[in-house]
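Student: I would like to learn how to read salt bridges in a model. Please show me the structure first.

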Amino acid sequence: MQLYNKLSAKERAALIDEAGEDRLTLSFYQYAKIGNPHLFRNHLFIAWDDMEVLGRIYVAHEGINAQLSVPAKHFEAFKSFLDNINFLKDVRLNIAIEQDAKSFLKLKVKVRDKIVADGLNDDTFDVTNKGIHVDAQTFNELIESDDVVLVDMRNHYESEIGHFKNAITPDVDTFRDSLDLIEEDLKDHKEDKKLVMYCTGGIRCEKASAYYKHKGFKQVYQLEGGIIEYARQVEQLKLENKFKGKNFVFDHRRGERISDDVISNCHQCGKPCDTHVNCANEACHLLFIQCEECSDAMSLTCSDECKEIIALPYEEQKELRKGIPNSNKIFKKGRSEKLKFQRKA
């Protein structure tokens with residue numbers, strides 16, 4: 001019985017090209033009490049591998065967080081499978097605004113301590129005691145009020161390329177960094193202000209809203225379905241789009257265009273740009289913003305040093321990589337000393 005992905009990304013991409021069939025990129029999450037995450041993980045992998053589902057899925061005692069690519073022909077079977085799991089029946093599926101058949105090239109279902117790493121060790125904190133969910137229209141009305149504080153619960157490399165107007169965008173690298181920082185900054189408004197939050201698809205706000213209620217905030221709201229669902233409702237209902245720029249996504253697309261505004265800059269020349277790339281030097285792999293001109297000039301690398309390395313024979317590059325672990329430092333793009341045009345704090 002196959003319980004793990006066996007094909008490389010290159011092999012899977014070739015199969016997708018050969019099939020020539022439509023695929024749907026989507027995401028969903030649900031907080032729930034899962035008694036045996038490992039058993040549940042295997043159940044998901046067996047069923048989804050059979051449906052040719054690809055993606056990145058995290059399972060924990062506190063629930064599930066999934067970003068997926070599903071063959072359009074198997075979508076109804078996929079939805080029926082979810083509906084037959086009690087806590088996933090009628091779960092909201094966030095369908096991507098921009099579709100790409102190669103958004104994911106492997107099926108990875110992993111068991112984690114938590115589906116959203118928060119750094120919290122508080123047994124009295126109830127993640128299900130969440131804030132009030134609001135739709136796009138209500139959200140638009142709320143954020144125009146004087147008694148509202150609007151907070152972006154995403155990381156700096158996400159908000160840098162797109163965010164709602166007048167939003168507080170914490171300069172943080174991880175979700176866990178933002179929780180205490182935001183509470184400290186807004187501690188004087190626990191009683192008199194409405195705390196309104198948003199994120200990509202809603203999962204971080206779900207936990208954050210419960211956390212801030214636990215910390216004494218009286219009026220806590222979150223954008224239902226996050227930016228992904230907001231963009232869909234804006235288009236469907238012809239609402240005013242108050243989001244500027246791109247929505248960062250955690251798959252091969254790296255971003256979805258929500259408005260025509262370009263609010264960020266190339267990290268190498270400073271030209272207006274919001275295209276994320278990873279440095280072509282596999283020992284670096286830094287995530288940063290690079291325009292087409294710099295991409296051509298730098299061969300998709302972040303620095304002269306990395307450009308020189310990728311010009312070496314592949315075996316030499318492998319030798320240079322030995323013993324050098326990659327880490328989430330690849331996301332510290334705005335602060336990397338390698339970049340000529342760094343984000344100003």
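Student: Which residue forms a salt bridge with Lys 130?

Tutor: Side chains of opposite charge can pair when their charged atoms come close. A salt bridge is counted when a side-chain nitrogen of Lys or Arg lies within 4 Å of a carboxyl oxygen of Asp or Glu. Here the partner of Lys 130 is Glu 206, with 3.2 Å between the closest N and O atoms. The pair links distant parts of the chain, 76 residues apart: Lys 130 is in the loop between β5 (107-111) and β6 (132-134), and Glu 206 is in helix α7 (residues 203-214). Helices (H or I, at least four residues) and strands (E, at least two) are DSSP runs, numbered from the N terminus.

Student: What should I know about the model itself?

Tutor: The model is predicted: local features need pLDDT of at least 70 and side-chain atom pairs pLDDT 80 or more, while totals for chains, interfaces and linings use all residues. Residues are numbered from 1 along each chain as its sequence is written, and side-chain values use heavy atoms, leaving out hydrogens and water.

Student: Is Glu 206 buried or exposed?

Tutor: Buried means under 20% relative accessible area, exposed over 50%, and partly exposed in between (1.4 Å probe, protein chains only). Glu 206 has 5% relative accessibility, so Glu 206 counts as buried. Lys 130, at 36%, is partly exposed.

Student: Which residue meets Asp 274 in a salt bridge?

Tutor: Arg 257 does, at 2.9 Å from N to O. Asp 274 is buried at 4%, whereas Arg 257 is partly exposed at 27%.

Student: How many salt bridges does the structure hold?

Tutor: The structure holds 23. Glu 62, Lys 114, Asp 118 and Lys 207 are linked in a network of them.
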